[in-house]
Amino acid sequence: MSLPWKRLIRFEAVDGRILRGEPVLPENEIDLGFVTETDQLKAKILVGSDIYDVTGETKLTEETVLVKNILSPLAQSDVPILRCVGLNYAKHSTYRPSIPLMLPPSQDHPDIGKPFPVKEAGRKPPPFPFIFFKPTTTIHDHGRAVVIPKIAQNDQADYEGELCIIIGKDAKNVPVEEALNYVAAYTAGNDVSSRKLQRDPAFAGVVPQWGFSKGFDTFAPLGPVLVAASEIADPSLLQLKTIINGEVRQEEGVSDLLFDCKYLISYLSQGTTLQKGSVIMTGTPGGVGAGLKPPKYLVPGTQMDVFISQIGTLRNNVVFA
């Protein structure tokens with residue numbers, strides 16, 4: 001997709017306006033996740049109602065403004081749905097699943113079907129991508145505190161750093177080889193979760209559930225920037241790192257995904273329209289708090305940093321409601 005921007009931020013300007021624009025960067029290596037008002041970052045304002053427009057109606061102006069705070073690049077109203085993938089990293093799962101029958105094996109999946117040692121999750125993933133949904137009220141700004149409600153406190157709140165795909169045009173029944181043509185951009189996300197409500201039979205029931213336990217307000221911060229797909233030719237080359245209170249907890253290449261980005265788009269679009277603006281959270285690698293010995297859950301004041309190469313660092317701290 002040929003978008004009018006390469007990197008897009010949504011931000012509060014020093015004059016109080018909430019705007020979108022392309023940051024004016026001294027160099028591409030700058031991590032926007034660590035930018036503060038004192039850095040006097042400037043951004044060219046984007047005008048137009050459709051940030052994914054390719055007709056030329058949405059465009060960058062030459063007007064630049066000073067950025068006070070970078071927010072999530074997507075507001076809740078921008079996203080029709082968040083589709084999320086569970087147990088999608090080899091080192092976070094138990095075995096590689098066999099390829100779904102509806103889509104043939106390809107050179108991109110030469111290892112599918114081969115067993116892996118028992119890893120962090122301690123269970124065998126399904127032969128298809130494991131899909132769940134988060135309500136759009138979970139979408140939360142970069143730089144703002146994730147709020148853990150009372151029901152999700154008491155040794156259970158956890159982090160999950162993830163690469164997120166943003167669909168730029170409606171997609172249905174998309175072949176694997178064409179799937180990345182439907183991607184507008186990528187960003188970082190944090191699939192904040194409540195483990196007791198997800199897994200403990202006393203709270204979740206006999207079968208683990210993923211919707212309620214991951215669906216609380218603020219439980220899907222995104223950011224700090226949308227990076228256009230044109231700038232990331234191969235998302236499998238990206239590196240993900242989650243740092244909690246200065247300690248690296250998760251560190252893995254996106255190449256470790258069981259079902260990669262183009263496969264997920266193709267699979268999810270079978271018989272279902274992936275609407276423009278939809279977000280796909282692709283899964284988290286090993287190193288979540290629940291998998292540590294002893295477990296380390298989120299507490300008030302915890303600093304969560306999710307870094308993805310070529311994108312930057314999504315930063316959020318934690319408060320208890």
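Visitor: Is E252 buried or exposed?
Guide: E252 is buried, with a relative accessible area of 17%. Buried means under 20% relative accessible area, exposed means over 50%, and partly exposed is in between (1.4 Å probe, protein chains only). This is a predicted model, in which local features need pLDDT of at least 70, side-chain atom pairs count only at pLDDT 80 or more, and totals for chains, interfaces and linings use all residues. Residues are numbered from 1 along each chain as its sequence is written, and side-chain values use heavy atoms, with hydrogens and water left out.

Visitor: Where is E252 found, and what does it touch?
Guide: E252 is found in strand β15, residues 247-253. Helices (H or I, at least four residues) and strands (E, at least two) are DSSP runs, numbered from the N terminus. Not counting residues up to four places away in sequence, E252 touches Y89, K91, Q239, L240 and P285. Contact here means heavy atoms within 4.5 Å.

Visitor: How many helices and strands are there in the protein chain?
Guide: The protein chain has 3 helices and 18 strands. Of its 321 residues, 53% count as buried. Among contacts between residues at least 6 apart in sequence, 76% join residues at least 24 apart.

Visitor: How many of the residues of α3 are buried?
Guide: In α3, 7 of the 8 residues are buried, so the helix is largely enclosed by the rest of the structure. The buried residues are C261, Y263, L264, I265, S266, Y267 and L268. They pack against β5 (82-86), β6, β10, β11 and β16 (279-281).

Visitor: And I311, what does that touch?
Guide: I311 touches L163, Y186, T187, A188, P224, V225, V227, I232 and L238, not counting residues up to four places away in sequence.

Visitor: P224 is on that list. What kind of peptide bond joins G223 and P224?
Guide: A cis peptide bond joins G223 and P224, with omega about 5°. P224 is found in strand β13. The bond from K293 to P294 is also cis, with omega near -5°, and P294 lies in the loop between β16 and β17.

Visitor: Let us turn to H142. Where is it found, and is it buried or exposed?
Guide: H142 is found in the loop between β7 (139-140) and β8 (146-148). At 5% relative accessibility, H142 counts as buried.

Visitor: Aromatics next. How many aromatic pairs are there?
Guide: The count comes to 6 aromatic pairs. In one of them, F130 and W210 are tilted, at 4.6 Å centre to centre with 45° between the planes. Rings of Phe, Tyr and Trp (its six-membered ring) pair if their centres lie within 6.5 Å; planes under 30 degrees apart count as stacked, over 60 as edge-to-face and the rest as tilted.

Visitor: Why does the pair of F130 and W210 tie together parts apart in sequence?
Guide: F130 lies in strand β6 (residues 130-134) and W210 in the loop between α2 (201-204) and β13 (220-228), so the pair ties together parts that are 80 residues apart in sequence. F130 is partly exposed at 24% relative accessible area, whereas W210 is buried at 12%. F130, F132 and W210 form one aromatic cluster.
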